[in-house]
Amino acid sequence: MNNTPYYRAISKEIDVFEHSYKNKIPFLLKGPTGTGKSRFIEFMAHKLNKKLITISCHEETSSTDLIGRYIIKGAETIWLDGPLTTAIKEGAIIYLDEIAEARPDVIVAIHSLTDHRRELFIDKLGITLKAHKDFMLVASFNPGYQKGFKELKPSTRQRFIATSFNYPEPKIEAEILVNETEIKIEIAKKLVNIATKIRNLTELGLTETVSTRLLVDAAKLIYSGLPKRLSVEVAIVEPLTDDIEVVEALKDLCNLMI
Ligand code: ADP
């Protein structure tokens, strides 16, 4: 198929998702940022030939943002469906990226959609909407991020089928870099070695370590002609931390490795 998003399967996630979709069981992708969660959902939506609606949740995201609101247009007040309501009506896949970031009322609003009822109560309209048979709810969650703060309650988690995403093993990660950027395999392997090394430096206490996304960015810069060391510095080292000493130490380390 043309313009299918490139996704390198890591385990059985494609099969698992297809069966979840068949049974319309909500799906939760767990894992650190930049590990292919969004790409996987884009790929699956394309494979299943379904429209995908993505919402990047943040601390201000409320159920109103998802469900809809009245707006004033001229002399009229009209109702505007939010993305969740649209997805329910059209039978799309909705992807709530970083669901734990959203306000608690979002979790409350989706409860009746995540069980056998598959319906959404729209309080502002006083109606209950049955989901289209093709509708599916997908969410992502980063368990390590801001440890202890933004957790998902067990009562919410247990409404989903869940799969873990993580940094792929070196051979696969190098393959992803080559596919994403057409960079030479030798350089891809060096970038992956740098990532592996930094990921193991747990004593640095980085909030998040080198993701596949950062490696893809570095590979893109190198492929477009920026010097390798500079590419690694700006795409891998600088985004990781603002601690000047750590930046210098990581730069030295990377310079030795590329
Ligand atoms: P997340 O949603 O987990 O934060 P993304 O899906 O945006 O991460 O992944 C970041 C980038 O990493 C993608 O744009 C893609 O280039 C690359 N990537 C990571 N894992 C894979 C994979 N398994 N197959 C293809 N590309 C991947």
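Me: Where does Arg118 sit in this model?
Reply: Arg118 is in the loop between α5 (104–110) and β6 (119–122); helices (H or I, at least four residues) and strands (E, at least two) are DSSP runs numbered from the N terminus. The model is predicted, with local features needing pLDDT of at least 70 and side-chain atom pairs pLDDT 80 or more, while totals for chains, interfaces and linings use all residues. Numbering runs from 1 along each chain as its sequence is written, and side-chain values use heavy atoms, without hydrogens or water.

Me: What's the phi of Arg118?
Reply: Positive, about 45°, although Arg118 is not a glycine. Most residues other than glycine have a negative phi.

Me: And what about Lys24, where is that one?
Reply: Lys24 is in the loop between α1 (13–23) and β1 (27–30). Its phi is positive too, about 50°, and Lys24 is not a glycine either.

Me: Switching to the ligand: how many residues surround it?
Reply: There are 17, and Gly34, Lys37, Ser38, Arg39 and Glu180 are the closest (a heavy atom within 4 Å counts as near).

Me: Which elements give two or more residues to the shell?
Reply: Those are α2 (37–47), α7 (170–181) and α9 (212–223).

Me: Why is the ligand said to lie between the domains?
Reply: Because domain 1 (13–164) and domain 2 (170–257) both give residues to its shell; the bounds come from an automatic or database assignment.
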